[in-house]
Amino acid sequence: MTTDNQLDFTFSDLIAGYVVEHDPQRGSVRLRTSDGRTFTARLSETMSAEFLRNLGDPYLDASAHVPDLLTPGRHVFAYGVFSPPGNDFEVKRLVFLGRRPGEYNFEEPNWWVRQLDELAGFYRRAQFGDGPIDYADYRTTLRLGGDKTDVYVQETDTISRLIYGMASAYMLTGNEDYLDVAERGTGYLRDHMRFVDRDEGVTYWYHGIDVRGDAEHKLFTSEFGDDYDALPAYEQIYALVGPTQTYRVTGDPRIAADIDGTLRLFQRFFRDEHAGGYFSHIDPILLRPDHESLGPNRSRKNWNSIGDHAPAYLINLFLATGEQRHAAMLEETFDLICEHFPQQGSPFVQERFHADWSPDRAWGWQQDRAVVGHNLKIAWNLTRMNAIRPKQAYTELADRLARSMPDLGSDRQRGGWYDVLQRCLVGEENRHRFVWHDRKAWWQQEQAILAYLVLAGHTGDQDFLRHAREAESFYNAFFLDHDEGGVYFNVLASGIPYLLGTERLKGSHSMSMYHAAELCFLAAVYGRLLIRGEPLTLWFRPSPDGFPDRVLRVAPDVLPPGRVKLDRVEVDGRPYAGFDPDAMSVKLPDSTEPLTVQAHLAPARD
Amino acid sequence: MQIDRQMTGEVVVLSLEGELDSRSAPQAQSEIAELVPQDGKIVLDLSGTTYLSSAGLRVMLLTYRQAREAGTRLVLAAVPADVLDVMSATGFLDFFTVSDTVQAGLGVLQR
């Protein structure tokens, strides 16, 4: 019998659990993990103890209160050292998530609003300092502390994501500086990153520009490895993220025109008229999805080209306009997801396809691998879609994914959600193997939090609420960079920040305030309006020529009908009566100047 | 759009006369494709090109790609100012080597 792989050495690790009992005599606490396993932890004389804090908050020492805080049912993180023999665990750091059992600091009404305010302030200073906003100074790449590097590239998608974050920050805080960043950014995209093809009647967006020296060098096709020398759908999709959110606020008709031009691009060149859905890439010259130059991207469809329209811009566009053509496009994409994405042989969805919807399990890095966050994103957005056009298929798939994912894709020991796993088990395996590592990415935590919050809000299911709270706990305990600002890209499984390579950056091709801001915005919406029955105020700034028929739609998200109403409206600080509480819309007065509208939303009483 | 082909030594000189827009682009693309040599040298003389639409821009890019794949060196010559503006503003000009005259273009290719 082999004696290999004996764990007879010390190692540090994290336990996420609920207090079962505290033994002051022995100086120990017994914890139960999310999936019901128990651990006994010795409380070290030298351990630290703290309360969960938000970005911008000071350290909150809890060490003097530990005996009072270790009450049954309390959810805690215990970081410590396992030692042989017998895996003795000595706690070195305790994080308490709230003052009382069952209380969570992140459920304080303004938690997510304050966090978004801090994020917006960080990126505002990082990109433009405290002075005038000039996008000539914008850089995609930002170091850990927000400093710029000698990389002169401005990617369209990262500007768009920053715009989204700033527009969302304005909606939650009313800080007009954030809206200024968003509007100037939208104008910059229009002036520098947009190509209006008058022959074809479509709009498409450059990958980015290199601003080294006096002249800008436009990067027409993607410089990103997976999509090199092609026009990927997801880059065109994410070019709309920020402008669309800004459009919700201002109704600027120029934005609407650009969105419509890009939608025509999707409909005319990316859409598969025969088998449905949208191709993932087109070649940049002939605008064809089947051109041989596309190589492994030729005639393919993927999660991005089918499913990302909804969360990135299309739901927000529907919220802003109420137009049924957008609901129809949403319905088509979600019907295709329900029909093609679930596959026999794996609990995870299939994400890449050939034109005829046969699975592509040989593509690049993806092969036959699952991105945990995409499964959660599907559950989250199916639930939203069900509030627009209810279908049993939507709720069934959302429910199935949401109930299966914790055991498959989350860390039941430490909390948090994993990254990329093998879709299928091999041989006698009883867990899906990690493809590259067991680190946890910030954007994947967001998908889990929003999926379980929205499902808890729609259904009242307490299991969903528990998973939401556990995901919120891990994210807020370990991803907030209290030293430099912003959030960490990745943490180790135990919650320690991972700060190597591109994952050290606060600004990159992958990170630019979008996911962190979307999380803050929608966690506030779902948590306050749907789960805890609290009001929420959103800010809007319609321009004089904004919105057809001068109707401002202020619904914060697509919510279950009748659950939330527009309670009060203020226009330029004065009460205003011209609104529909059930439709959550405001009939704007005529104006020659932009108006400031505060929409006070509240849970509808029975 | 009319395309005229001449040889100057080993260099193929293609002169594009007229408007290159969505109507003329498919035919122009087809003709140019047949005239791009393998492992050769080519000058696109745009002195007679009076208008270049986005379809025309894509013909330029396609020619650039085809030449690159064929191992052929390509120079744009005598590009009218307004056409140059369009190509520059859209970033398409960066793909090309550009010379003021056909003669200058021939000189570039002889280096």
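Leaving aside its neighbours within four places in sequence, which residues is Arg124(A) in contact with? Keep that question in mind while selecting the residue; the model on screen is a predicted one.

**Stop 1: Arg124(A)**

Select residues 111–128 of chain A, which form helix α2, and pick out Arg124(A) within that helix. Now show what surrounds Arg124(A). Beyond the neighbours within four places in sequence, the contacts of Arg124(A) are Gly129(A), Asp130(A), Gly131(A), Ile133(A), Met166(A), Asp177(A) and Val181(A).

Zoom in on Gly129(A), one of those contacts. Its backbone oxygen is reached by the side chain of Arg124(A) at 2.8 Å.

Tyr178(A) and Arg124(A) are 54 residues apart along the chain, and their C-alpha atoms are separated by 7.8 Å.

Is Arg124(A) buried or exposed? Its relative accessibility is 8%, and because the cut-off for buried is under 20%, Arg124(A) counts as buried.

**Stop 2: a sheet in chain A**

Move on to strands β21, β25 and β24 of chain A. They make an open sheet of three strands in the order β21-β25-β24, with antiparallel pairing.

Then select β25 of chain A, residues 585–587. This strand runs antiparallel to β21(A), and three bridges join the two. To see a bridge pair, select Arg553(A) together with Ser585(A) in β25(A), its bridge partner.

**Stop 3: where chain A meets chain B**

Show both chains and select the residues in contact between them. How many residues does the contact take from chain A and from chain B? Chain A gives 18 residues and chain B gives 17 residues. About 1,400 Å² of area is buried between chain A and chain B, and carbon and sulfur atoms give 54% of that area.

Look next at the charged pairs. Between chain A and chain B the count is three salt bridges. To view a salt bridge, select Asp283(A) and Arg65(B), whose side chains meet at 3.5 Å, N to O.

Finally, hide chain B and look at the side of chain A that touches it. Strands β7 (194–197) and β10 (217–219) of chain A each supply at least two residues of that side. By type, the residues on this side of chain A are eight nonpolar, three polar and seven charged.

Notes. Residues are numbered from 1 along each chain as its sequence is written. Chains are lettered from A and ligands numbered from 1 in the order in which they are written. This is a predicted model: local features need pLDDT of at least 70, side-chain atom pairs count only at pLDDT 80 or more; totals for chains, interfaces and linings use all residues. Side-chain values use heavy atoms; hydrogens and water are left out. Contact means heavy atoms within 4.5 Å. Buried area is the accessible area (1.4 Å probe) that two parts lose on being put together, summed over both. A salt bridge is a side-chain nitrogen of Lys or Arg within 4 Å of a carboxyl oxygen of Asp or Glu. Helices (H or I, at least four residues) and strands (E, at least two) are DSSP runs, numbered from the N terminus. Ala, Val, Leu, Ile, Met, Phe, Trp, Tyr, Cys and Pro count as nonpolar, Asp, Glu, Lys and Arg as charged, and the others, Gly among them, as polar. Two strands pair if DSSP finds at least two bridges between them. Buried means under 20% relative accessible area, exposed over 50%, partly exposed in between (1.4 Å probe, protein chains only). A polar contact is a pair of N or O atoms within 3.5 Å; within protein, one must be able to donate a hydrogen and the other to accept it, and residues adjacent in sequence count only if both atoms are side-chain atoms.
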